[in-house]
Amino acid sequence: MSPVLVASDLDRTLIYSAAALALTMPDARAPRLLCVEVHEARPLSYMTETAAGLLTELGDAAVFVPTTTRTRKQYQRINLPGPAPKYAICANGGHILVDGVADQDWHARVQARLADECASLDEVRDHLAATADPLWVRKHRIAEDFFAYLVVERELLPEAWVKELGVWAEDRGWTVSLQGRKIYAVPKPLTKSAAMREVARRTGATLTLAAGDSLLDADLLLAADRGWRPGHGELAETEWVADTVTAIPERGVAAGERILRELLREIR
């Protein structure tokens, strides 16, 4: 039988920062947490211990492909439970890692497509530098020479500026996504879905399942045979729905646990 491929976003889908846990229950009833990421000697990301067990089961039952907008360096500091994934998708589809090593042929194909189909990264970076106010911007970042993002003070961020940036980017073949304290500007041809299809081709998977919470995950969810999104994030806030995508009500780290249960149920 052909394998099942599971392509899942990580941040705020399977793993959660302390600020994103959404532990709304009394302290005594809070779930036990497992730290899965340490950065600069500090714990950074978590999942419940139950979710860790479910992810281990998932890794044994399917081709699990972590699918993230993170750079390769950011991804590689995550220590997920279960079998080490043979494939991972980083930089929003810009890199396919095979046993931890970037596939250079895929990288070259993506770069060629971006050069043909959208405005340059330099143009977008210059626009962000010229229009983003230092009052609420903390960092300007370029990820893997594919896309740009800002780290902002969310409470000071003008909503009108984000909307104006979205319109400006749309006209140039880019998209804008606001996730927590980060604003991403990403080329439209740079997609998780294209990378997922390539991994499915290589593995021979005929059933694909996906999960994600943000605007940058919408194409991934639509490309899979079935998808799940949590009750938080950009997709939930905009009430985004699709026939093949299940919107679960859970928010925060509980949503990660529920998504893994749903994935395993579908596989079995």
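Visitor: What makes strand 10 and strand 11 a pair in this predicted model?
Guide: Count the bridges. Strand 10 (residues 174-179) and strand 11 (residues 182-187) share six bridges. Pairing asks for at least two, so the two strands count as paired. Their sense is antiparallel.

Visitor: Which residue stands opposite serine 177?
Guide: Tyrosine 184, in strand 11.

Visitor: What do strand 10 and strand 11 form, and what lies in the turn?
Guide: They form a hairpin, with two residues between the strands. Glycine 180 sits in that turn and has a positive phi of about 65 degrees.

Visitor: Serine 177 also touches serine 214. Where is serine 214 found?
Guide: In the loop between strand 12 (207-211) and helix 7 (218-223).

Visitor: How do you know whether serine 214 is buried or exposed?
Guide: Its relative accessible area is 2%. Buried means under 20%, so serine 214 is buried. Beyond four places in sequence, serine 214 touches Ser177, Gln179, Glu234 and Leu235.

Visitor: Now the sheet with strand 5. What is its strand order?
Guide: The order is 5-6-7, in an open sheet of three strands with antiparallel pairing.

Visitor: Why do strand 5 and strand 7 stand at the edges?
Guide: Strand 5 (87-90) and strand 7 (101-102) each have a single partner strand, so one side of each has no neighbour in the sheet.

Visitor: How do you know that strand 5 pairs with strand 6?
Guide: Four bridges join strand 5 to strand 6 (residues 95-98). The threshold is at least two, so this counts as a pair. The two strands run antiparallel. Tyrosine 87, for one, has valine 98 in strand 6 as its bridge partner.

Visitor: Which helix lies across strand 5 and strand 6?
Guide: Helix 6 (residues 192-203). Helix 6 runs at about 165 degrees to strand 5.

Visitor: Glutamate 198 is in helix 6. Why is glutamate 198 called buried?
Guide: Its relative accessibility is 6%. The cut-off is under 20%, so the charged residue glutamate 198 counts as buried. Leaving aside neighbours within four places in sequence, glutamate 198 is in contact with Ile96, Trp106 and Arg109.

Visitor: Which residues of helix 1 and helix 9 meet?
Guide: From helix 1, Thr50, Ala51, Leu54, Leu55, Glu57, Leu58 and Ala61. From helix 9, Glu257, Leu260, Arg261, Leu263, Leu264 and Ile267. By class, this contact has nine nonpolar, one polar and three charged residues.

Visitor: What makes helix 4 and helix 5 roughly antiparallel?
Guide: The axes of helix 4 (residues 121-131) and helix 5 (residues 159-170) cross at roughly 155 degrees. Over 145 counts as roughly antiparallel, so helix 4 is roughly antiparallel to helix 5. The axes come within 12 Å. This crossing is right-handed.

Visitor: Which residues of helix 4 and helix 5 meet?
Guide: Glu123, Val124, His127, Leu128 and Thr131 in helix 4 meet Trp161, Leu165 and Trp168 in helix 5. The classes are five nonpolar, two polar and one charged.

Terms used. Residues are numbered from 1 along each chain as its sequence is written. This is a predicted model: local features need pLDDT of at least 70, side-chain atom pairs count only at pLDDT 80 or more; totals for chains, interfaces and linings use all residues. Side-chain values use heavy atoms; hydrogens and water are left out. Contact means heavy atoms within 4.5 Å. Axes are lines fitted to C-alpha atoms, for helices over the stretch in contact, and angles run from 0 to 180 degrees between N-to-C directions. Buried means under 20% relative accessible area, exposed over 50%, partly exposed in between (1.4 Å probe, protein chains only). Angles under 35 degrees count as roughly parallel, over 145 as roughly antiparallel, 65 to 115 as roughly perpendicular and the rest as oblique. A crossing is left-handed if the near helix is turned anticlockwise from the far one by less than a right angle, and right-handed if clockwise.
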